Structure formats: structure tokens, C-alpha cells
Amino acid sequence: MAQNRLTRNDIVRAAITFVDAHGLDALTMRRLGQSLGVEAMAFYRHVSGREDLLEAMVEALIDSLFDNRLMRQTPSSWEDYLQRVANTTKELARDHPGIFPLIATQPSQAPWLRPPLRSLRWVEEFLSTLQGFEFSDAAAVGAYKSFTSFLIGDLLLQVHSTNFGLTGGDDHEKAGDDSDLSEYPTVNALSDLLSEDHRQRQFDDALDELIERIRLSPTN
């Protein structure tokens, strides 16, 4: 890519691709420049530094949720809407496990913006959609807070498990295979159960329970 044709969007997308392949710790301006065939100094016309780049990566990924096939369809109910947002966000965490934790840790535009739906565009979309399904102001805000707490907690746990190789399936490794568990007989005896991957079922069950709590909320 020619240096004089680089745009901020080019750099951000390249950085996301780089982190997906090599991990967040490997990201430096110099290494990113090498991957694009340019000098790192070329980036500073478009980003002020690594922190600015990280924030831009987070913003790009959060914005990309609106382009997901699930979000392009009109929800039939508020329950359907929450299901769509939750599964769209889960796909984002699955596809970008090295970057998703940044969504929880990078400073937001305002202290009341809650990850992972941490942009003004998302809050506007979320609250106005629930109001369109006859949620009161208080109920819509309460649902935003409860829903984002569920998403960030569950998905960060899933990303953590993915990063440590607990991906489930027939070829998953027994928990503790690389550790001496002789001093932990209960953990050793239950290691197969601990290694079982039920993340999808647990995610779906927890989401159903949250939706039911919102449905029964006295402010709804």
C-alpha cells in the first residue's frame, strides 16, 4: 500500500487484522508499518500514537455491529431485539478475542457509556428502540444497564477461555494437563467436567433469564 494513499481507516483496519493474527501485545507502530510496507512515521499523519490507534480500533469494531446481518433486520419485539444485539456482540467477541477486552478497558466518551455498547450512537439506538416497544424512560435505561453488564461479563469470560485454549469439542485438552494436580485431588477428579464447553448454552440461558427479569420489572 503506497504511503501517500494511507488513510486513517486503512491503518485502523490493518491494526485490527494484525492483532487478530499476532495478539495485542505484538502491536507496535513499527511492526504495523512493516506489515503494510511503510515507515511507522507515515501513521502519525492520521493517528497520534498507539493509544489513539487502540481507541480507533474499538470505535471501528463497535460501529461494525450495525453492519451485522442480524442488525440489518427489523426486530419483531424487544425480546427479539435483545437477542439480535447479544448474538451480534458475541460474534464480535468470537471473531476478535484479542481486541474485545479493550472494549471494556478503554475510556469511553462519557462515564455513563457502558461497554460493550459504549458509543453514543449505540445508546441512542438501544434506548430509542426499547422506547419504540413502549418501554418507559426508566425501564429503557435500566435495561441498557442490565443488558450491558450481562454482555461484558459473559463475553469477557468467553474470551478469557478462548485465549487459554479452552475451546471445547472432541479435541479439547483436559484441564490441568500442563500442571501438577497431585495436591488438588478434587480439581483433578473433576477436571473433565471443568473442561467441558457449555458456553453457548450458558450464554443463551443467561440471556433468557435476563429477558425474563426485564419483562417482570415493575418499571417496564
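**Before selecting anything**

Residues are numbered from 1 along each chain as its sequence is written. Because the model is predicted, local features need pLDDT of at least 70 and side-chain atom pairs count only at pLDDT 80 or more, while totals for chains, interfaces and linings use all residues, and side-chain values use heavy atoms, with hydrogens and water left out.

**The whole chain**

Of the 220 residues in the protein chain, 42% are buried; buried means under 20% relative accessible area, exposed means over 50%, and partly exposed lies in between, with a 1.4 Å probe and protein chains only. Taking contacts (heavy atoms within 4.5 Å) between residues at least 6 apart in sequence, 64% join residues at least 24 apart.

**Select residues 50-64: helix α3**

Helix α3 has 15 residues and reaches 21 Å from its first C-alpha to its last, close to the 21 Å expected at 1.5 Å a residue; the expected span is 1.5 Å times one less than the number of residues. Colour Leu53, Leu54, Glu55, Ala56, Met57, Val58, Ala60, Leu61 and Ile62, which are the buried residues of α3, and then show what they pack against, namely α1 (8-22), α2 (29-36), α4, α5 (100-105) and α6.

Leaving aside its neighbours within four places in sequence, Glu55 is in contact with Gln106, Pro107 and Arg118.

Helices α1 and α3 pack at an angle of about 85 degrees, with their axes 9 Å apart; axes are lines fitted to C-alpha atoms, for helices over the stretch in contact, and angles run from 0 to 180 degrees between N-to-C directions. The two helices are therefore roughly perpendicular to each other, given that angles under 35 degrees count as roughly parallel, over 145 as roughly antiparallel, 65 to 115 as roughly perpendicular and the rest as oblique. On the α1 side, show Arg8, Ile11, Val12, Arg13, Ala15, Ile16 and Val19, and on the α3 side Asp52, Leu53, Ala56, Met57, Ala60 and Leu61, which together make the contact. By class, these residues divide into ten nonpolar, no polar and three charged, where Ala, Val, Leu, Ile, Met, Phe, Trp, Tyr, Cys and Pro count as nonpolar, Asp, Glu, Lys and Arg as charged, and the others, Gly among them, as polar.

**Move to residues 78-95: helix α4**

Helix α4 has 18 residues and reaches 26 Å from its first C-alpha to its last, close to the 26 Å expected at 1.5 Å a residue. Of its 18 residues, 15 are buried, so α4 is largely enclosed by the rest of the structure.

Within helix α4, select Arg84, which is buried with a relative accessible area of 14%. Not counting residues up to four places away in sequence, Arg84 touches Leu70, Met71, Gln73, Thr74 and Pro75.

Trp78, Tyr81, Leu82 and Val85 in α4 meet Trp122, Glu125, Phe126, Thr129 and Leu130 in α6, a contact of seven nonpolar, one polar and one charged residues.

Next show helix α10 (residues 199-216), which packs with α4 at an angle of about 145 degrees, with the axes 11 Å apart. From α4, Trp78, Glu79, Leu82, Gln83, Ala86, Asn87 and Lys90 meet Gln200, Phe203, Leu207, Asp208, Ile211, Ile214 and Arg215 in α10, and the residues of this contact divide into seven nonpolar, three polar and four charged.

**Two stops in the loops**

Centre on Pro116, in the loop between α5 and α6, where a cis peptide bond joins Pro115 and Pro116 with omega about 0 degrees. Finish at Glu134, in the loop between α6 and α7 (137-163), which has a positive phi of about 70 degrees although it is not a glycine and which, at 73% relative accessibility, counts as exposed.

Conventions. Helices (H or I, at least four residues) and strands (E, at least two) are DSSP runs, numbered from the N terminus.
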